[in-house]
Amino acid sequence: MKIRTLVVVLFCLMATPVWSQAPSSAPAQEKPQEKMRYANMPPSAVPYGRFRKPYYNWYLDPSTLEYDGAARSIPEPALNTLKTINIGFLGPLDQAPTPYKVYGGSWNAPPTAPSSLLAEGNPNSLYGIHMLHGTELAIDNANAQGGYKGKPFSLKVYDDAPLWGNASMAIVDMYYKQHVWAMVGGINSASTHIALRVTLKLQVPIIDTATTDPTVTETRIPWLIHNYPDDRQQGYALADYVFNQRKLHRVGLLRENSHYGRMGFEEFFNSARRLGHQPVVAVKYIRGAKDFSEQLRTLKGFGIDGLVLWGNAPDAALILKQMRAMGMNQPVFGSSRIAYPSVIKIAGSAANGLFALSAINPDRNNPEWLAFRRQYLDRYHEEPDAYAAYAYDGTNMLIAAIRKAGLNRALIMDALRDYEMKRYQGVSGTAFFDYTLNNIAPMTFAEVRDGHFVYWPEQRTDWKNGDPLNAMR
Amino acid sequence: MKRLLCASFLLTAGLLVVAIGVAEAQTPPLYTKWVNYTTANGFPEGEVFSVAVDGNRIWAGTTHGLVLIEDGRVRRVFTTADGLPGQAVMAIAVDHQTGDVWVGTFGGLSRYSGGQFKNYTNLTSGLANDLVYAVAIQGKYVWAATAGGFSRLNTDTGNWTIFNNQNSPFLEPWGYGVAVGPKKVYLALWGGGVVVYDIEHHYWRPYTDPDGSMEIVLYRNEGLIHIIVSSIAYNPATKMFWAGTYFGLSGYDGRNWHNYLTKDSGLASNFINAVQTRGNEVWACTQKGLSELDFKTNTWVTYRPANWRALDTARPVKLGRGEIIITRPDGSKRTIESPTSIVHNYILNMAFQGKDIWVATAGGLSHGIRQSDKEEKNNESASNRH
């Protein structure tokens, strides 16, 4: 018996290899991950969710944006060596006439002309100027409260020109020439991606208050926080509303031929497909076009029962007018850049019945929002838009972070990173930041009724109280 | 029967000894002696982004200029005042045929030749963008990975060619890395995966993340692990290319992909700033240390300071001993200490000099000197702390 046992033991020992058999053969050691759906995605929108559990899920734990570099140990400069505490700004402002002379250095007197008069060149400067105004208000309010230990905050404004070869150097300039402690911006997702890659090397915190590109927060670069509702959130909201709540089946897509249009289209398209309602047709148009008859005839030919439109308000207004003129009375659902008063102004009665996502609810009676709105109106003689509100909130978050952390960029970013899985109450509403530091709070819907927008909060069909898979539970 | 049993026992014991010996031998040679270059011995403040070996000379790219090391000493720091187009030096490539040093900066590309810098920018040349992340030499051609695409300069004719999403199968134009093989050029794209250019036949082969989703890895060895690729390296010995991403490491041998995450390997962090390779070795420059994969044996070795967590805090901390973590294919780990340490855990790039390595970190430049086998054995037994 003993001999047999010994033989068995010896055999087992001989049969057990102590060297590797092949590369990549190590057993997977499952790291327990939190039970949560990334970005609050609907269960039906989970990639391959009906077929397979992924080998690995990103963005679901605190290691998502961890930073192990050396920047925390950089000593603070002596305060008496600084005249101002500089903050960079990158946004589309070009061709704005004086007093908006924007150059690489510091930007001088605050202009008061309405943004609509200033945004004649780059169409995105309409949003950029609002964004700048919101940033400036926050800076001025902070300076009225003593700035940073008595030193005023100073904005260093850079134009995000359409030729982004130029804008790509902006953050390098901000770092080496302006010695900024952080940057606010931008709208253009390409410019933001470029700035993001630079800041991984130069280590300047970025508070992005305007781009809708969801991939900006999906890079794991730990130097950016983003508060504007992105295309992923917009895509989920629209897909749920169109298919689950409105019960439409033959939806067509019409989108601007740009990075903005492409990213939004992809997010909506993927959500729709996973919900089992692949759009029946998708067509593009050039931003600023006047005649959309070819696209509309194509859409009509496919017998669509609803249209999802991803673009900007002036184009959407013309599309609505031409649609109705062609006898196409299908409901139209738009992205957040369409929920602007200009769509009603241009489209007139054709805008009635338009549903669009909105990044803010300007009709709410929140005291902070009302105070901001009043201050903005008094100063700029126009209503603040979502870009102004999110820039104001983002800049306030940044100022609070600088005051908390001191003049060390890594510690400022740590203070911003403290918002992970937390809420922030601002004038734009209540933000909630996930582990990628992206705001995934519910959006607002807007509908044009009798020539006015009526707003209501997004309520997705998959949301249930206490849902453990909901990131905002 | 007793004789038979005794013989079996001896045979088994012998096999075990051999096997253990083989397993021990599978640990790659270790680097336990480090010589560091920091502000204390002439380096500029900030990170060291890049390093290149030029015979006995070492070039290092930093936040504030280009550093030349000769005979173990910092000889010179070149800045914009000396003619560099940008202060932040992201990439360095030495043309061993001409002796020219090509420097990629946040401000353009520069050729250091005969003691002079000749600069190439977006406005003055065919450089696609002034943010240059990587440079590689392919015979008479110089490739530059820029934020606006890839530029290729024919140094014989002075002609430039730009490759971007307008004329090549790139999802995005953003160049991040470039490596040259004998027949192909390997391009790393931010948001565009890896694109391989066949030099002889002039065609492209793109490789992207097959699951198409930023937020998941569907299968372990499904293909390129993520579409955001931070760097690329080609290994002529194994004919494989390796892609470093912020989402793990991917290698392709022409038939199969070999992907590694921290959860299934000895990789120190999934956030990889750069990848380099020689022989059977693949080196991943991560933010939690320098990880080496011995591909043949699937054994990992990670180097970082023993007190690396303290280095990342606001408090000034003195560098102490080094930490070496050996991860076996079965997942078992052994940690040993070395008397000297790599200067920081945040690794940005590295280069080979014979058996030695030079490592660019957030805290300075480190020279890893390969110890002899005898020294290694003594060191392991003395410092073993499991």
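Which residue in S4(A) is the bridge partner of A:Gly88? The partner in S4(A) is A:Met183. The model is predicted: local features need pLDDT of at least 70, side-chain atom pairs count only at pLDDT 80 or more, and totals for chains, interfaces and linings use all residues. Residues are numbered from 1 along each chain as its sequence is written, while chains are lettered from A and ligands numbered from 1 in the order in which they are written.

**Strands of chain A**

- Helices (H or I, at least four residues) and strands (E, at least two) are DSSP runs, numbered from the N terminus.
- A residue is called buried if 20 or more other C-beta atoms lie within 10 Å of its own, exposed if 12 or fewer, and partly exposed in between, with C-beta atoms placed from the backbone.
- Strand S2 (residues 85-91) of chain A has 6 of its 7 residues buried, so it is largely enclosed by the rest of the structure.
- Strands count as paired if DSSP finds at least two bridges between them.
- S2(A) pairs in the parallel sense with strand S3 (residues 153-159) of chain A over 7 bridges, and A:Gly91 stands opposite A:Asp159 in S3(A).
- Strand S4 (residues 183-185) of chain A also pairs with S2(A) in the parallel sense, over 3 bridges.

**Helix H5 of chain A**

- Helix H5 (residues 170-178) of chain A has buried residues at A:Ala170, A:Ile171, A:Val172, A:Met174, A:Tyr175 and A:Gln178.
- A:His179 follows H5(A) and has a positive phi, near 50°.

**Domains of chain A**

- Chain A is divided into domain 1 (79-228 + 364-441) and domain 2 (232-358 + 446-457), with bounds from an automatic or database domain assignment.
- The contact between them takes 8 residues from domain 1 of chain A and 13 residues from domain 2 of chain A, where contact requires C-beta atoms, placed from the backbone, within 7 Å.
- The centres of domain 1 of chain A and domain 2 of chain A, taken over C-alpha atoms, are separated by 29 Å.

**Chain B: overall and strand S30**

- Chain B contains 3 helices and 31 strands, and 53% of its 386 residues are buried.
- Of the contacts in chain B with a separation of 6 or more, 46% are between residues 24 or more positions apart.
- In strand S30 (residues 356-361) of chain B, 5 of the 6 residues are buried, so it is largely enclosed by the rest of the structure.
- Strand S29 (residues 347-353) of chain B pairs with S30(B) in the antiparallel sense over 6 bridges, and B:Val359 in S30(B) is the bridge partner of B:Met350.
- The hairpin of S29(B) and S30(B) has 2 residues between the strands, and in it B:Gly354 takes a positive phi near 60°.
- S30(B) and strand S31 (residues 364-370) of chain B run antiparallel, joined by 5 bridges.
- A hairpin of 2 residues joins S30(B) to S31(B), and B:Gly368 in S31(B) is the bridge partner of B:Ile357.

**Nonpolar core**

- A nonpolar core is a set of buried Ala, Val, Leu, Ile, Met, Phe, Trp, Tyr and Cys residues joined through C-beta atoms within 7 Å.
- The largest nonpolar core has 255 residues, of which B:Val51, B:Val135, B:Val178, B:Leu187, B:Val194 and B:Met350 touch the most other members.
- Helix H13 (residues 386-405) of chain A supplies the largest share of this core, 13 residues.
- Not counting residues up to four places away in sequence, B:Val51 touches residues including B:Trp59, B:Met350, B:Trp358 and B:Leu365.

Definitions and conventions
Contact = placed C-beta atoms within 7 Å.
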